[in-house]
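Thanks for coming. I have one structure to go through today, so please look at the screen.

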Amino acid sequence: TDTAIRLVSAAELGAGVHVGDTLLIEARETAAVNAALEQRGFAFAATGAPVTGINVGNGDQITLFVGSVRVAPQPIEFNDELAGDRPPDPEPPPAPRRRGRR
């Protein structure tokens, strides 16, 4: 099994990551990592609950997310090419009733 662990900044991560790569992200870095991944059309998908631990360097409590890189979902665009490609229009409101002679 080929296993490698690299500690990198969010910018370095965004430049060198591939779909399917496993990531361990510190909670305070999630916004920067997500922004870096988004620039390349990727997203981070956490697997399970976050893990809490202690930074052995200073004793502070840290939270880590384990997950992988995936292709970011794209918004649905309607182009009228296929039947049923567009959601139905809402029904118009009923016409007002007129009072008058019968």
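The largest pocket has a lining of 21 residues, and those nearest its centre are Arg 6, Leu 7, Val 8, Leu 23 and Leu 24. Two or more lining residues come from each of helix 1 (10-16), strand 1 (22-26) and strand 4 (61-71). Strand 1 gives the largest share, five residues. The space in this pocket is about 780 Å³.

This is a predicted model, where local features need pLDDT of at least 70 and side-chain atom pairs count only at pLDDT 80 or more, while totals for chains, interfaces and linings use all residues. Residues are numbered from 1 along each chain as its sequence is written, and side-chain values use heavy atoms, with hydrogens and water left out.

A pocket here is an open set of points on a 1 Å grid over the protein atoms alone, where a 1.4 Å probe fits, with protein on both sides within 12 Å along at least five of seven lines; lining residues have an atom within 4 Å of a point. Volume is the space filled by probe spheres set on the points, which are joined across faces, edges and corners. Helices are DSSP runs of H or I with at least four residues, strands runs of E with at least two, numbered from the N terminus.

What classes of residue make up the lining? There are 13 nonpolar, three polar and five charged residues. Asp, Glu, Lys and Arg count as charged; Ala, Val, Leu, Ile, Met, Phe, Trp, Tyr, Cys and Pro as nonpolar; the others, Gly among them, as polar.

The protein chain as a whole has two helices and four strands, in the order α-β-α-β-β-β. Of its 102 residues, 17% count as buried, that is, under 20% relative accessible area, with exposed over 50% and partly exposed in between (1.4 Å probe, protein chains only).

On to charges. The count is one salt bridge, meaning a side-chain nitrogen of Lys or Arg within 4 Å of a carboxyl oxygen of Asp or Glu. Arg 28 pairs with Glu 26, with the closest N and O atoms 2.9 Å apart. Arg 28 is exposed because its relative accessibility is 68%, whereas Glu 26, at 24%, is partly exposed.

Last, Gly 48, in the loop between strand 2 (42-46) and strand 3. Gly 48 counts as exposed because its relative accessible area is 62%. Between Gly 48 and Val 66 there are 18 residues of sequence separation and 7.5 Å in space, C-alpha to C-alpha.
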